[in-house]
Amino acid sequence: MAGNSCTVKVKIDNVKKIYDGRNGEVVALNGVSFDIMENEFVCVVGPSGCGKSTLLNIIAGLGNPTSGKVYVDNKEVVGTGIERGVVFQQYALFPWLTVRKNVEFGLKLKKLKKQEITEITNRYLDMVDLREFAESYPKELSGGMKQRVAIARAYAVNPEVLLLDEPFGALDAQTRTQLQSELLETWEKEKKTCFFITHDVDEAIILSQRVVIMSARPGRVKEIVDVNIPYPRTQETKMTKEFLDLKNYIWSQVYQEYLEVRK
Ligand SMILES: Nc1ncnc2c1ncn2[C@@H]1O[C@H](COP(=O)(O)OP(=O)(O)OP(=O)(O)O)[C@@H](O)[C@H]1O
């Protein structure tokens, strides 16, 4: 087992999702089952349309499975919850709020004292190196900076599970690499259970302890690959034979599924 703990944090149990599409039913997920251990970092890869975001939304409680269940800490997920934080690709910041107020938002919902809110916000603004932009508005920030705010906001409320849907997908390669390193550092300092969707096999391997490869739609688990590369991982890790072997293997598995989609 690749997780840090033997405790199951998230249990995905035989999840099926059927959408009523414009041209009839779309079976997005079929019989998806796997566990994510406490503090484990799991990445999910698979061809476009295989149901990755659908699965994340179900874990987040933003959508219901047609059948099957998801449990967090043995409790069935029914709707959103403060113990699950979500970071989307498109930042999802409130444009009318400053950076500071965006990060404070969830803390205010938790009804913390003003001083505590300020301390926590400053801590996470420092973590993502954005304290000097605290009074800026999202439109004044680059894409990478906006995504740092989204990550700070998600971490600030201290969720037990972080669900990240291609959070770096819209960023240029350098910013993406930088944010991967920052996320890795943060995860090593403040371990959380992370479920991270990406199309980038390098990103999946550098971040995670296990990579879940999904099959072409209807999405199923094709294979779960252990990434037994020790932490701390750096960008140099991407040059090691271990990394490159895993990359070739996972990439070929995903490519097979991509060919299925094109058939
Ligand atoms: N609200 C919806 N109504 C109908 N069909 C939907 C809906 N949402 C998603 N789908 C369909 O379900 C399938 C899975 O979509 P989903 O977005 O979960 O895939 P994905 O793996 O995240 O894709 P991508 O990698 O391109 O983001 C797709 O065929 C999609 O068209």
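This dialogue walks through a predicted model, feature by feature.

User: Where should I start with helix H1, residues 52-60? Is the helix enclosed or open?

Analyst: Count its buried residues. A residue is buried if 20 or more other C-beta atoms lie within 10 Å of its own. Seven of the nine residues in H1 pass that test, so the helix is largely enclosed by the rest of the structure.

User: Which residues of H1 are buried?

Analyst: Lys52, Thr54, Leu55, Leu56, Ile58, Ile59 and Ala60. Look just past the end of the helix too. There Gly61 has a positive phi of about 85°.

User: Now the domains. What does the assignment give?

Analyst: Check whether a domain is one stretch or several. Domain 1 is pieced together from 1-83, 159-225, 242-257 and 259-263, while domain 2 is 95-158. Their centres, taken over C-alpha atoms, are 26 Å apart.

User: How many residues does each domain bring to the contact?

Analyst: Domain 1 brings twelve and domain 2 brings ten. On the domain 1 side, helix H5 (residues 173-189) gives the most, with five residues. That side has nine nonpolar, two polar and one charged residues.

User: How do I read a sheet? What is the strand order here?

Analyst: Six strands form an open sheet, ordered E6-E7-E8-E3-E9-E10, with mixed pairing. Strand E6 (84-87) and strand E10 (221-226) are the edges. Each has a single partner strand, so one side of each lacks a neighbour in the sheet. On average, neighbouring strands are turned by 15° against each other, direction ignored.

User: Which way do E3 and E8 pair, and over how many bridges?

Analyst: Strand E3 (residues 41-45) and strand E8 (residues 193-197) run in the parallel sense, over four bridges. Within this pair, Val44 is opposite Ile197 of E8.

User: Which helix packs on the sheet?

Analyst: Helix H7 (residues 241-262) does, touching E3, strand E9 (210-214) and E10. The direction of H7 makes about 175° with that of E10.

Conventions: Residues numbered from 1 in each chain as written. Predicted model: local features only at pLDDT ≥ 70, side-chain atom pairs only at ≥ 80, totals over all residues. Buried ≥ 20, exposed ≤ 12 C-beta atoms within 10 Å, placed from the backbone. Helix = DSSP H or I, 4+ residues; strand = E, 2+ residues; numbered from the N terminus. Domains from an automatic or database assignment. Contact = placed C-beta atoms within 7 Å. Nonpolar A, V, L, I, M, F, W, Y, C, P; charged D, E, K, R; others polar. Pairing = 2+ DSSP bridges. Axes fitted to C-alpha atoms, helices over the stretch in contact; angles between N-to-C directions.
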